[in-house]
Amino acid sequence: MSESPAFNQLLDTEDPSFQQVLGCVFGIQKHESETYLLLLEHPGSTVAELAERADRDRSNVNRSLSTLMDKGLADRNRRLLDPGGYVYQYTATELPEAKSRLHSALDAWADSVHNCIDTYGIDEVPSSEPT
């Protein structure tokens with residue numbers, strides 16, 4: 001988590017949405033958090049199904065899903081098709097687990113900031129005395 005437009009917007013918002021918090025803490029874009037919420041509503045969806053529901057290009061949805069999987073917010077399973085071949089189905093990480101991951105990520109960030117504050121030494125402060 002760093003000082004970014006999402007971070008500043010989150011600080012300035014009295015009652016931020018879940019999407020804003022996801023974006024800020026995990027560094028994901030709005031369309032990626034929208035994909036996550038779609039997956040919560042429609043577990044086991046394919047890229048084509050999600051693209052249709054979101055009215056987005058399949059390649060964009062596929063990139064969103066890759067990001068969500070990298071962040072631990074989605075899983076992919078292969079389903080074999082009767083005529084042969086397979087299709088990937090995606091499922092969102094359950095909301096309680098996602099919330100737990102949000103808390104963990106935020107706690108880790110806060111701990112690192114506290115550590116920076118604690119290790120900042122007086123010898124690192126520039127002298128105000130003329131030389």
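This is a predicted model: local features need pLDDT of at least 70, side-chain atom pairs count only at pLDDT 80 or more; totals for chains, interfaces and linings use all residues.

Colleague: Why is H3 called roughly perpendicular to H5?

Modeller: The axes of H3 (residues 30–41) and H5 (residues 58–70) cross at roughly 80° and come within 9 Å, the axes being lines fitted to C-alpha atoms, for helices over the stretch in contact, with angles from 0 to 180 degrees between N-to-C directions. Angles of 65 to 115 degrees count as roughly perpendicular (under 35 is roughly parallel, over 145 roughly antiparallel, the rest oblique), and therefore H3 is roughly perpendicular to H5.

Colleague: Which residues make that contact of H3 with H5?

Modeller: His31, Glu32, Thr35, Tyr36 and Leu39 of H3 meet Ser64, Leu65, Thr67 and Leu68 of H5, contact meaning heavy atoms within 4.5 Å.

Colleague: What makes Thr93 buried?

Modeller: Buried means under 20% relative accessible area (exposed is over 50%, partly exposed in between, with a 1.4 Å probe and protein chains only); Thr93 has 8%, and is therefore buried. Thr93 lies in the loop between E2 and H6, and, leaving out residues up to four places away in sequence, Thr93 touches Tyr36, Leu40, Gly72, Leu73, Ala74, Ala98 and Arg101.

Colleague: Which residues have the most contacts inside the largest nonpolar core?

Modeller: They are Leu22, Tyr36, Leu39, Leu65, Leu68 and Leu73, in a core of 19 residues; such a core is a set of buried Ala, Val, Leu, Ile, Met, Phe, Trp, Tyr and Cys residues joined through side-chain atoms within 4.5 Å. At least two residues of this core come from each of H2 (18–26), H3, H4 (47–54), H5, E2 (86–92) and H6 (95–119). Beyond its neighbours within four places in sequence, Leu73 is in contact with residues including Leu22, Phe26, Ile28 and Thr93.

Colleague: Why is H4 also described as roughly perpendicular to H5?

Modeller: H4 and H5 pack at about 110°, with their axes 9 Å apart, and so H4 is roughly perpendicular to H5.

How values were computed
Residues are numbered from 1 along each chain as its sequence is written. Side-chain values use heavy atoms; hydrogens and water are left out. Helices (H or I, at least four residues) and strands (E, at least two) are DSSP runs, numbered from the N terminus.
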